[in-house]
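Student: I am new to this structure and would like to learn how to read it. Please take one feature at a time.

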Amino acid sequence: MSNSGIAGQQKIGVVSLGCPKALVDSEQFLTQLRAEGYEISGSYNDADLVIVNTCGFIDSAVQESLDAIGEALSENGKVIVTGCLGAKGDIVQQTHPKVLAVTGPHATDEVVKAVHDYLPKPHDPFIDLIPPQGIKLTPKHYAYLKISEGCNHRCTFCIIPSMRGDLVSRPVHDVLKEAESLARAGVKELLVISQDTSAYGVDVKYKTGFYNGRPVKTRMTELAEELGKLGIWVRLHYVYPYPSVDEVIPLMAEGKILPYLDVPFQHASPRILKAMKRPGDSEKVLQRVQKWRAICPDLAIRSTFITGFPGETEEDFQMLLDFLDEAQLDRVGCFTYSPVEGATANALPDHVPAELAEERKARFMEKQAEISARRLAAKVGKTLEVLIDEVDEEGAIGRTYADAPEIDGLVYLNGETALQVGDKIQATIVESDEYDLWAERS
């Protein structure tokens with residue numbers, strides 16, 4: 001929970017769970033509440049009311065959310081629930097009937113109204129209570145920039161469209177105005193997020209908007225080009241490998257945005273991809289990756305995969321291992337398939353035993369660890385820009401362009417205690433392991 005404010009005002013506690021999209025939702029309703037004069041409290045005991053922003057994507061996340069609601073009820077007693085779990089029927093009310101109100105995700109107005117109902121607003125129009133960039137739950141030097149809500153895909157393992165709806169792109173001028181405000185506030189890195197960043201603007205037929213008097217298309221390429229003018233790191237997440245992605249690679253090669261792509265491939269077997277209702281042919285994907293790297297040799301690619309999807313055979317899994325060998329991805333995450341209530345994949349035949357799915361995941365990550373170790377070893381001796389995330393008595397910890405916060409690797413700068421969080425420095429890589437780097441300031 002985050003802590004700031006003016007003494008003597010009504011205090012709101014916030015527990016924000018789940019993905020960066022949910023974190024942005026929390027930032028939006030916190031910004032509105034702060035503007036109305038509520039103080040943001042950092043403890044249950046000090047708060048007059050607690051908002052729990054939940055995740056409902058997989059069973060373990062549902063349980064974590066229900067446990068968090070229970071803890072907030074036990075510690076505080078006055079709890080409003082929002083987020084994806086709120087869109088999954090009446091599970092919250094059945095488990096925790098004492099909650100004050102429940103809303104779904106991306107529901108700033110509903111959350112604020114519920115707060116008003118149980119804690120009348122203390123707005124003082126003569127005091128400016130929020131910074132121009134709004135309330136942020138991330139560190140001051142980086143921020144998530146959500147460009148759309150919802151998704152038009154119907155992947156069989158996913159229930160996000162049923163919770164967040166179809167794709168709705170934010171107006172391009174709103175996105176760019178927010179990005180500019182964040183840059184002015186000292187943010188050094190923007191992480192562009194959505195459910196499907198490549199599809200930005202599809203729902204509005206890529207209509208032309210206006211920003212600072214200039215026409216800008218509601219489209220990923222044009223958005224990336226504009227963001228690249230801010231002079232800060234711009235990192236693209238959740239990018240489907242459509243042909244249109246080819247257009248942003250030259251922007252990376254020219255240094256306008258970071259040479260980093262987060263592409264959720266999920267699998268490589270055509271049969272499994274079809275069962276997942278995922279776009280993608282692994283041969284075409286490999287050709288596209290090779291083409292990207294020919295244009296931008298420094299490109300870092302991160303992806304996520306699922307092992308143990310219903311019907312996955314040893315042959316399918318071997319295709320996935322072969323794909324890893326061919327693609328030589330920089331950063332990879334892997335999950336075992338988990339049935340999610342409401343997902344159509346639950347009805348597929350030939351579910352893989354959990355032990356086998358875990359064993360395949362272990363084999364998958366063992367192979368990727370070897371690939372990652374080789375790719376990082378190739379960076380030893382190179383000088384790279386490093387963004388500092390943490391400084392303590394032992395030194396500093398940062399990230400290169402190839403590392404997104406929370407999910408990728410780190411750069412350790414032992415002894416560099418004089419640096420500040422948010423500094424960007426040049427550092428020479430002196431050592432590596434499977435996932436992290438060690439460097440000395442250049």
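Tutor: Start with burial: buried means under 20% relative accessible area, exposed over 50%, and partly exposed in between, with a 1.4 Å probe and protein chains only. Phenylalanine 265 is buried, because its relative accessible area is 6%. This is a predicted model, where local features need pLDDT of at least 70, side-chain atom pairs count only at pLDDT 80 or more, and totals for chains, interfaces and linings use all residues. Residues are numbered from 1 along each chain as its sequence is written, and side-chain values use heavy atoms, with hydrogens and water left out.

Student: Where is phenylalanine 265 placed, and which residues does phenylalanine 265 touch?

Tutor: Helices (H or I, at least four residues) and strands (E, at least two) are DSSP runs, numbered from the N terminus. Phenylalanine 265 sits in the loop between strand 13 (260–262) and helix 9. Contact means heavy atoms within 4.5 Å. Leaving aside residues up to four places away in sequence, the residues that phenylalanine 265 touches include Pro241, Leu273, Ile301, Phe305 and Phe323.

Student: Which residues of helix 11 are buried?

Tutor: An α-helix has 3.6 residues a turn, so residues three or four places apart point the same way. In helix 11 the buried residues are Asp316, Phe317, Leu320, Leu321, Phe323, Leu324 and Ala327. They lie on the same side of helix 11, because they cover an arc of only 155 degrees around the axis; the arc is that of the directions from the helix axis to the C-beta atoms. Glu315 and Glu326 are exposed, on the face turned away from the buried side. Among the elements covering the buried residues of helix 11 are helix 10 (282–295), strand 14 (300–307) and helix 12 (354–377).

Student: How do helix 11 and helix 12 cross?

Tutor: Axes are lines fitted to C-alpha atoms, for helices over the stretch in contact, and angles run from 0 to 180 degrees between N-to-C directions. The axes of helix 11 and helix 12 come within 10 Å and cross at roughly 15 degrees. Angles under 35 degrees count as roughly parallel, over 145 as roughly antiparallel, 65 to 115 as roughly perpendicular and the rest as oblique. Helix 11 and helix 12 are therefore roughly parallel to each other. Residues making the contact include Phe317 and Leu321 of helix 11 and Phe364 and Ile371 of helix 12.

Student: At what angle do helix 1 and helix 4 cross?

Tutor: The axes of helix 1 (residues 20–35) and helix 4 (residues 108–118) come within 9 Å and cross at roughly 45 degrees. That makes helix 1 oblique to helix 4.
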